[in-house]
Amino acid sequence: MSESRDDLQLAWPELVRKIRARTPARVLMGRSGAAYRTQTQLDLREAHASARDAVRAELDLERHLGSAFVSRWGLFEVCTLAETKEEYLLNPNLGREFSKQATVDIRRRCSPGTDLQIAIGDGLSVTAVSEQVPKLLPSLVEIAKARGWTIGQPFVIRHCRVGVLNAIGELLAARIVLLLIGERPGLATAESLSGYMAYEPNRLHTDADRNLVSNIHRRGVSPEDAAIRLLDLSARMMQTRCSGTRLSVPSS
């Protein structure tokens, strides 16, 4: 008779149980001959399927964020030059530039020159956007308002890459542009969100001009903690008038 997963856990030394409780990594899983145990293999296949679904899913505001949330924040959707998910995955450059209609909509609906402009991008995980943004966006806005900052109208970007930060900066001339975007899923979670940000981003900016807080999910950085970290970084950028590798962040 094969041992159940619960039986195996009870047989593990306390040290092994503590190690496994602190990480989602598949360590000390046991084996059957030279292969994984059946349950481990099934878990891997489930995680891989979730990751593929997160990447391939098309963002739907009402379904993934909820009609009440969309209405509360006045969210509207624009698209990059990538017209389909397949095109977006095969040609990353298209995800860094807005379509002509997106440019018109952003200029019409967003006020320029604010202290903080927040955008939400599907990125490589719609699941992450669906799970984390409804918890993170309210905290960001509440704390930013308490600091006396002006905040631009948030909006959602379909088929979005991180480099679209530069296009947002040139369109709206915000002091800080913050992009909440779904991370590439792994086999530990498909729900991880990143917050990329830059001070007065423009077309000359590269990755070296950006900062981020990553791994925003229930087993990583909580949305509440992420909001504070992102806005503390924003405040530092405003003080130093720079971002990325030039930004000096005081050690805690």
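How many bridges join β2 to β3, and do the two strands run parallel or antiparallel? Keep that in mind while you load the model, which is a predicted one.

**Whole chain**

Start with everything shown. The protein has 10 helices and 6 strands. Buried residues make up 47% of its 252 residues. Among contacts between residues at least 6 apart in sequence, 68% join residues at least 24 apart.

**The sheet**

Select the strands. The 6 strands form an open sheet, in the order β1-β3-β2-β4-β5-β6, with mixed pairing. Go to the edges: β1 (77-79) and β6 (211-216) each have a single partner strand, so one side of each is left without a neighbour in the sheet. On average, neighbouring strands of this sheet are turned by 25° against each other, direction ignored.

**Strand β2**

Now select β2, residues 116-121. Here is the reply to the opening question: 3 bridges join β2 to β3, and the two run parallel. Pick I120, whose bridge partner in β3 is V156. Then turn to β4, which is joined to β2 by 6 bridges, again in parallel. L116 stands opposite I176 of β4.

6 of its 6 residues are buried, so β2 is largely enclosed by the rest of the structure. Both faces are covered. L116, I118 and I120 lie on one side, and Q117, A119 and G121 on the other.

**Strands β5 and β6**

Move to β5, residues 193-199. It runs antiparallel to β6, and 4 bridges join the two. Select L193 to find I216 of β6 opposite.

**Helix α9**

Next, select residues 164-172, helix α9. The helix packs on the sheet and touches β2, β3 (155-158), β4 (176-182) and β5. Its direction makes about 145° with that of β4.

Why call α9 largely enclosed by the rest of the structure? Because 8 of its 9 residues are buried. Colour them: V164, L165, N166, A167, I168, G169, L171 and L172. These buried residues pack against α7 (100-109) as well as β2, β3, β4 and β5. Step past the end of the helix to A173, which follows α9 and has a positive phi, near 50°.

**The second largest pocket**

Which residues line the second largest pocket? Select Y88, G123, L124, C160, R161, V162, I181, G182, E183, R184, S194 and Y196. About 210 Å³ of space lies in this pocket. The elements that give two or more residues to its lining are β4 and β5. By class, the lining has 6 nonpolar, 3 polar and 3 charged residues.

**Two single residues**

Select S99, in the loop between α6 (85-90) and α7. Is S99 buried or exposed? Its relative accessible area is 19%, and buried means under 20%, so S99 counts as buried. Leaving aside residues up to four places away in sequence, S99 touches C79, T80 and L81.

Finish at K135, in helix α8 (residues 126-146). At 43% relative accessibility, K135 counts as partly exposed. K135 and E224 are 89 residues apart along the chain, yet their C-alpha atoms are separated by 7.7 Å.

Key. Residues numbered from 1 in each chain as written. Predicted model: local features only at pLDDT ≥ 70, side-chain atom pairs only at ≥ 80, totals over all residues. Heavy atoms only, no water. Pairing = 2+ DSSP bridges. Axes fitted to C-alpha atoms, helices over the stretch in contact; angles between N-to-C directions. Contact = heavy atoms within 4.5 Å. 1 Å grid on protein atoms, 1.4 Å probe; cavity = no way out; pocket = protein on both sides within 12 Å on 5 of 7 lines; lining within 4 Å. Points joined across faces, edges and corners; volume = space filled by probe spheres on them. Nonpolar A, V, L, I, M, F, W, Y, C, P; charged D, E, K, R; others polar. Buried < 20%, exposed > 50% of the residue type's maximum accessible area, 1.4 Å probe, protein only.
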